[in-house]
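Visitor: I'd like to learn how to read a protein model. Could you walk me through some features, one at a time?

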Amino acid sequence: MEVARTIESVRSLVKAARGEGKRIGLVPTMGALHVGHISLIERAVKNCDSVVVSIFVNPTQFGPGEDFEKYPRPLEADLRVCRDAGVDVVFVPSREEMYRSENLTWVDVEKLTEPLCGRSRPGHFRGVTTVCAKLFNIVAPDVAFFGQKDAQQAIVVKRMVADLHMALEIFVCPTVRQADGLAVSSRNEYLTEQQKKDAVWIYKSLQKCREMIEGGVTDSERIITQMREILNRTPSIEIEYVSIVDAETLQRVERIGGKVLAAVAVGIGSARLIDNILVDCHEQ
Ligand code: AMP
């Protein structure tokens, strides 16, 4: 496994692999790798001949007062995870390498970035799409792997790729959960043992949503009220949003039909946690 710290070195490694006719896969991450990331890497290893994992805590997707400084950066452990998973190249650029001087060029996807996390994190998705555009230009992968855990991010990145005619495919992998249902996240590290137990109610509220839809309830407000009730029973949970939206447009739906995304964002202690499920009503 190679560790590339510069754009030039990762480009030359990818160029060599491409010269051998290899299909290149990219897994963009911010490190602190866990089983969720590993599932993406394993999918990439299965689908591609050469896999690049990027590890970069992207400053432009963090807002003022967010956790950029304290975000975990266990690089040695991350490199071991990558090696064990069969990664070919780990790209670990510095901030200066990715943002050489004042960055004047940004990629901004409209509309899809306004609801859900866009409301409380202005500029977040602009940071995400800009760094993804940079990574796609640097690595030029055939396919990049994202997690359903960050559903809005996957949808926004897919739209950027389509709108800008970028020559790669975006593959979205299912959310990896703990046995108790909590979606695995680097930010779970911020939780105390009690808060980890409390956080289980996030997924329970989403399961309630699925149960109600499967039971024939189509009034989304009724479902959201139930979900909020479940979350409000746990005092350490502070709800940011509970939404049921169209899975493609991310616009609110009043009457549930077709494919919907139920999404939750909460604060617990110092952590902001998000989770979601997709429910396809055509399948009922
Ligand atoms: P991050 O390092 O948090 O930026 O995440 C990097 C990628 O891993 C993103 O595409 C995430 O959606 C994905 N990811 C994070 N957690 C999970 C999880 N529990 N299951 C599946 N994918 C995940």
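Guide: Rings of Phe, Tyr and Trp (its six-membered ring) pair if their centres lie within 6.5 Å; planes under 30 degrees apart are stacked, over 60 edge-to-face, and the rest tilted. This is a predicted model, so local features need pLDDT of at least 70 and side-chain atom pairs count only at pLDDT 80 or more, while totals for chains, interfaces and linings use all residues. Residues are numbered from 1 along each chain as its sequence is written, and side-chain values use heavy atoms, with hydrogens and water left out.

Visitor: How many aromatic pairs does a search of the whole structure find?

Guide: The search finds 5 aromatic pairs. Take Phe136 and Phe146: they are edge-to-face, at 6.4 Å centre to centre with 85° between the planes. Helices (H or I, at least four residues) and strands (E, at least two) are DSSP runs, numbered from the N terminus. Phe136 lies in helix H6 (residues 124-139) and Phe146 in strand S5 (residues 143-147), so this pair ties together parts 10 residues apart in sequence.

Visitor: And what sort of pair do Phe145 and Phe171 make?

Guide: Their ring centres are 5.7 Å apart and their planes at 45°, so that pair is tilted. It links distant parts of the chain, with Phe145 in strand S5 and Phe171 in strand S6 (residues 169-173), 26 residues apart.

Visitor: Is Phe145 buried or exposed?

Guide: Buried means under 20% relative accessible area, exposed over 50%, and partly exposed in between (1.4 Å probe, protein chains only). Phe145 has a relative accessible area of 1%, so it's buried. Phe171, at 22%, is partly exposed. Back in the other pair, Phe136 and Phe146 are both buried.

Visitor: Which charged end sits over the ring of Phe68?

Guide: For that, NZ of Lys or CZ of Arg must be within 6 Å of the ring centre and within 35 degrees of the ring normal. Here it's Arg73, 4.9 Å from the centre of the Phe68 ring. Phe68 also belongs to an aromatic cluster with Phe62 and Tyr71. Elsewhere, Lys70 lies over the face of Tyr190, 4.1 Å from the ring centre.

Visitor: Now strands. Which way do S7 and S8 pair?

Guide: Two strands pair if DSSP finds at least two bridges between them. S7 and S8 pair in the antiparallel sense over 9 bridges, and Val245 has Leu261 in S8 as its bridge partner. S8 (residues 259-268) also runs antiparallel to strand S9 (residues 271-280), joined by 10 bridges. There, Lys259 stands opposite Asp280 in S9. The S8 and S9 hairpin has 2 residues between the strands, and Gly269 takes a positive phi near 55°. As for cover, 8 of the 10 residues of S8 are buried.
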